[in-house]
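Here are some notes on this entry, written for a first reading. Please keep the structure open while going through the points.

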Amino acid sequence: MKDVLHLKIPASTANLGVGFDSIGMALNKFLFLDVTTNDTNEWQFHHIGPNLEGLPTDTTHYIYQIAQKVAKKFDVQLPGLNIEMRSEIPLARGLGSSASALVGALYIANYFGDIELSKYELLQLATEFEGHPDNVAPTIYGGLVLGYYNPETNVTDVSYIDIPQVDCILTIPSYELKTEASREALPSNFSHKKAVQYSAISNTMISALIQHNYSLAGKMMEQDGFHEPYRQHLIPQFQQVKAMAKSFQAYATVISGAGPTILTLIAPEKSGELVRTLKREFNDCSSELVTINVTGVKSKILYQRD
Ligand code: HSE
């Protein structure tokens with residue numbers, strides 16, 4: 001009998017407008033990994049489906065690189081592994097595909113290296129690699145998570161609020177937008193006055209979400225000053241999708257993570273009509289309803305006959 005580590009790892013949408021690098025929500029779209037040992041020292045990647053096309057299968061694979069770094073840190077050796085990957089999360093679209101892969105790598109190193117990392121430690125490690133918790137924290141824990149990674153102490157603190165009772169629509173463009181390129185569009189400095197203004201907007205958004213006041217939360221989300229003004233031009237459909245969503249009284253339309261996916265939050269009774277309209281009007285994008293994931297990554301061991 002051979003163990004198969006089966007991982008079901010959710011996608012995530014980061015920022016929610018005003019929470020640049022600190023707020024994220026897990027989504028029910030998944031990266032599936034089935035991992036088993038082989039009799040060599042090598043890792044073999046098998047990618048299934050269009051979302052993983054073009055990924056390397058050698059030791060430059062992101063999952064291999066991260067897992068080996070973790071193994072080195074904890075002074076363990078990982079065996080040769082066969083890794084079968086299937087994904088519903090398109091790459092480089094602002095839906096946390098690399099955070100999901102990173103979390104997968106940590107779980108693989110933890111299990112096959114017999115390290116015994118707690119969830120708290122997995123989050124700390126994931127954030128150290130990623131530099132911010134907005135994708136990895138919801139991917140690990142599920143739900144809507146807020147967090148802060150202190151680069152001086154390397155400690156990440158997180159807090160949760162109830163998931164919003166809204167429907168979520170993703171409008172996913174057909175083109176990729178690499179996070180590095182999208183981050184390069186951002187300014188390196190803000191005046192104190194601007195920082196105060198944008199933090200006030202962010203604080204008010206969070207308080208409104210806690211009170212389930214989605215109109216106010218949405219109004220604040222759409223006034224982000226930390227990233228959206230600098231990234232919108234990279235996503236030609238953004239303003240039109242936002243205007244269309246507004247005409248259906250959506251609460252908010254924001255860039256998902258670093259983009260180019262566009263996230264709309266809307267009342268459940270209006271979402272169906274809007275998503276069908278977006279599908280029809282933006283036929284170079286894929287528009288879909290997505291639900292919020294509340295469990296985070298799921299891991300189980302399956303047994304397979306040799
Ligand atoms: N907060 C990040 C960004 C998410 O917007 O660049 C993607 O890593």
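1. A definition comes before the rest: a residue is near a molecule if one of its heavy atoms lies within 4 Å of it. The bounds of the domains come from an automatic or database domain assignment. The model itself is predicted.

2. The assignment gives two entries for this protein: domain 1 (2-161 + 293-305) and domain 2 (167-290). Their C-alpha centres lie 25 Å apart. Where the domains meet, 23 residues of domain 1 are in contact with 35 residues of domain 2.

3. Which domains supply the shell around the ligand? Domain 1 and domain 2 each contribute at least three residues to that shell.

4. The residues around the ligand are Asn-15, Phe-20, Asp-21, His-132, Asp-134, Asn-135, Thr-179, Arg-183, Arg-231, Gly-257 and Ala-258. Sorted by type, two residues of the shell are nonpolar, five are polar and four are charged.

5. In Asp-134, a side-chain N or O atom is 2.6 Å from a nitrogen atom of the ligand. For Arg-183, the distance from a side-chain N or O atom to an oxygen atom of the ligand is 2.7 Å. Arg-231 places a polar side-chain atom 2.8 Å from an oxygen atom of the ligand. As for exposure, the ligand taken alone exposes 260 Å², and the protein buries 93% of that.

6. Which pocket does the ligand take up? The space taken by the ligand is the largest pocket.

Conventions:
Residues numbered from 1 in each chain as written. Predicted model: local features only at pLDDT ≥ 70, side-chain atom pairs only at ≥ 80, totals over all residues. Heavy atoms only, no water. Polar contact = N/O pair within 3.5 Å; in protein donor to acceptor, adjacent residues only side chain to side chain. Areas by Shrake-Rupley, 256 points an atom, 1.4 Å probe, with all protein chains shown as cover. 1 Å grid on protein atoms, 1.4 Å probe; cavity = no way out; pocket = protein on both sides within 12 Å on 5 of 7 lines; lining within 4 Å. Sits in = over half its atoms within 2 Å of the grid points. Nonpolar A, V, L, I, M, F, W, Y, C, P; charged D, E, K, R; others polar. Contact = heavy atoms within 4.5 Å.
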